[in-house]
Amino acid sequence: MKNPVIIFGANSLGRSAKEIFETNEVIVYGFLDDDKKLHQKEIDEAVVLGSMDDDGFLKLIGKKCEAFVAIDDNKLRKNMVKMIQEIRHVQPINAIHSKASVSSKAEIGHGNFIDHSAYLAPGTRVGSHCIICTKASIGVDAQLGDFVQVGAGSTINSGVKIGDESFVGSGVTIVSGITIGKGARIGAGSVVIAPVKTGETVFGNPASPIK
């Protein structure tokens, strides 16, 4: 990648993304963040340049800079991605750690965050704008929709299908072949042995619905 990257979000996810880009020898131009108290301050030797809707920096996207959206709130993340797509007519780039293991037979969309020691097996299909945290394992032929979050150390076994905007907490195990509906939430440490419905929240071992 020749162009530097502007990271949207000067938070913990943004700092992790900066580390990923720099380990991949990609220059980080700076952060954009809506917290005005951070403006013109340095975070990890990168300046918070201004707000995320600052046209002076947005106009650089797609010409002189790439964009990465480092926001873990899905609603805000979706809005920011939509703005970049509609105003700049480009897709945010992927942030994939150099020490993640991604099979050449895996398929990955745009704007994903894939952290240190994550594993994507052959046949894995990851949509766009997902967050896959450190040491998460995505098994053979597993499918993740768009805006899916997978917590640290979680194991998504072979053939699992996870719908858009779902959240999988840290240390979760989902057994092979299970389907997780859109917008579902799975609590940390859960073991999922049965399908999870759209919008459902489950927790425990075995995971059961929380009402």
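## A walk along the charged pairs

Start by selecting Lys-18 and Glu-22: their side chains meet in a salt bridge, with N to O at 2.7 Å. Keep in mind as you click around that this is a predicted model. Both residues sit in helix 1, 4 residues apart, so about one helical turn separates them. Now colour by accessibility and look at the two ends of the pair. Lys-18 is buried, at 4% relative accessible area, while Glu-22 comes out as partly exposed at 40%.

Stay on helix 1, which covers residues 12-23, and pick Arg-15. What does Arg-15 form with Asp-44? A salt bridge, with the closest N and O atoms 2.7 Å apart. Asp-44 belongs to the loop between strand 3 and strand 4 (46-50), so this contact ties together parts that are 29 residues apart in sequence. Check the surface here too: Arg-15 is partly exposed at 41%, and Asp-44 is partly exposed at 34%.

Next, jump to Lys-78 and Glu-165. Their side chains form a salt bridge as well, at 2.8 Å from N to O. This one links distant parts of the chain, 87 residues apart: Lys-78 is in helix 3 (residues 74-88), and Glu-165 is in the loop between strand 17 (161-162) and strand 18 (167-168). Lys-78 has 34% relative accessibility, which makes it partly exposed; Glu-165 gets the same label, partly exposed, at 27%. With that stop, the salt-bridge count for the model is 3.

Select Asp-34, Asp-35, Asp-53 and Asp-55 together, and you have a negative surface patch. Zoom in on Asp-34, which lies in the loop between strand 2 (28-32) and strand 3 (42-43). Its relative accessibility is 44%, so Asp-34 counts as partly exposed.

Last stop: the cysteines. How many disulfides turn up in a search of the whole structure? The search finds 0. Cys-133 is partly exposed, at 25% relative accessibility. Then move over to Cys-65 for the contrast, since Cys-65 is buried with a relative accessible area of 2%.

Definitions and conventions. Residues are numbered from 1 along each chain as its sequence is written. This is a predicted model: local features need pLDDT of at least 70, side-chain atom pairs count only at pLDDT 80 or more; totals for chains, interfaces and linings use all residues. Side-chain values use heavy atoms; hydrogens and water are left out. A disulfide is a pair of cysteine sulfur atoms within 2.5 Å. Buried means under 20% relative accessible area, exposed over 50%, partly exposed in between (1.4 Å probe, protein chains only). Patches are made of residues with over 30% relative accessible area and no salt bridge: like charges are joined within 9 Å, nonpolar side chains (Val, Leu, Ile, Met, Phe, Trp, Tyr) within 5 Å. Accessible areas come from the Shrake-Rupley method with a 1.4 Å probe; for residues, only the protein chains shown count as cover. A salt bridge is a side-chain nitrogen of Lys or Arg within 4 Å of a carboxyl oxygen of Asp or Glu. Lys and Arg count as positive and Asp and Glu as negative; His and the chain ends are not counted. The place of a charge is taken as NZ of Lys, CZ of Arg, CG of Asp or CD of Glu. Helices (H or I, at least four residues) and strands (E, at least two) are DSSP runs, numbered from the N terminus.
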